[in-house]
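Here is a short tour of a sheet, its core and its aromatic rings. Please keep the viewer open as you read.

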Amino acid sequence: MADAGLFVGWGPPVRGREEKGLEVFNEALGYYGQKQEAGAIESSEVVLLSPHGGDLAGFILVRGSEEQMNSLRGEEDFQRLNTRAAQIVERFGVVDAAVGEGVGQAVGLYQEAIGEL
């Protein structure tokens, strides 16, 4: 069961780069699908947000073990895909995430930290 994840978020496309943005988006969907089929990740979920005046337009939540996420981050293809995406959308980012049982662990660490202050 997944206890770790990667939050891959983005804002609006760079003006004039919308078509290329869609191309890279589809490439990302294929990449994560292949990773899931190969067992390198547990799953991925795409979320597209309706226009709301904020910075976030959508995200992909990739789920797996901490080891799977660390391995994914280290892959050249992952880094290349994200570098390309950062050139065609505003405010692109990849953030470590706790999911499933990992949430309880993260809350435990938080409780320890606030208990020490």
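## A phenylalanine to start with

Does Phe59 count as buried or exposed? At 17% relative accessibility, Phe59 counts as buried, because the cut-off for that class is under 20% relative accessible area. Please bear in mind that this is a predicted model.

The strands form an open sheet of 4, arranged in the order S2-S3-S1-S4 with antiparallel pairing. Strand S2 (43–48) and strand S4 (93–98) are the edge strands, each pairing on one side only. From one strand to the next, the twist averages 20°.

If you zoom in on S2 and S3, you will find that they pair in the antiparallel sense over 6 bridges. Helix H1 lies across S1, S2 and S3, and runs at about 155° to S2.

## Aromatic pairs

Searching the whole structure gives 3 aromatic pairs. One of them joins Phe7 and Phe59: the ring centres are 4.7 Å apart and the planes are at 25°, so this pair is stacked. Phe7 belongs to strand S1 and Phe59 to strand S3, so the pair ties together parts that are 52 residues apart in sequence. While Phe59 is buried, Phe7 is partly exposed, with a relative accessible area of 27%.

Another of the pairs is made by Tyr31 and Tyr32. Here the ring centres lie 5.2 Å apart and the planes are at 75°, so the pair is edge-to-face. Both tyrosines, Tyr31 and Tyr32, are buried.

## The nonpolar core

Which residues touch the most other members of the largest nonpolar core? They are Tyr32, Ile60, Val62 and Leu72, in a core of 18 residues. Two or more residues come from each of strand S1 (4–10), helix H1 (18–37), strand S3 (58–64), helix H2 (66–74) and helix H3 (76–86).

Leaving aside residues up to four places away in sequence, Leu72 touches Leu6, Tyr31, Tyr32, Lys35, Ile41, Val62 and Phe78. Among these contacts are both members of the edge-to-face tyrosine pair, Tyr31 and Tyr32. Val62, also on the list of Leu72 contacts, is another of the residues that touch the most other core members.

Note on methods: Residues are numbered from 1 along each chain as its sequence is written. This is a predicted model: local features need pLDDT of at least 70, side-chain atom pairs count only at pLDDT 80 or more; totals for chains, interfaces and linings use all residues. Side-chain values use heavy atoms; hydrogens and water are left out. A nonpolar core is a set of buried Ala, Val, Leu, Ile, Met, Phe, Trp, Tyr and Cys residues joined through side-chain atoms within 4.5 Å. Buried means under 20% relative accessible area, exposed over 50%, partly exposed in between (1.4 Å probe, protein chains only). Contact means heavy atoms within 4.5 Å. Rings of Phe, Tyr and Trp (its six-membered ring) pair if their centres lie within 6.5 Å; planes under 30 degrees apart count as stacked, over 60 as edge-to-face and the rest as tilted. Two strands pair if DSSP finds at least two bridges between them. Axes are lines fitted to C-alpha atoms, for helices over the stretch in contact, and angles run from 0 to 180 degrees between N-to-C directions.
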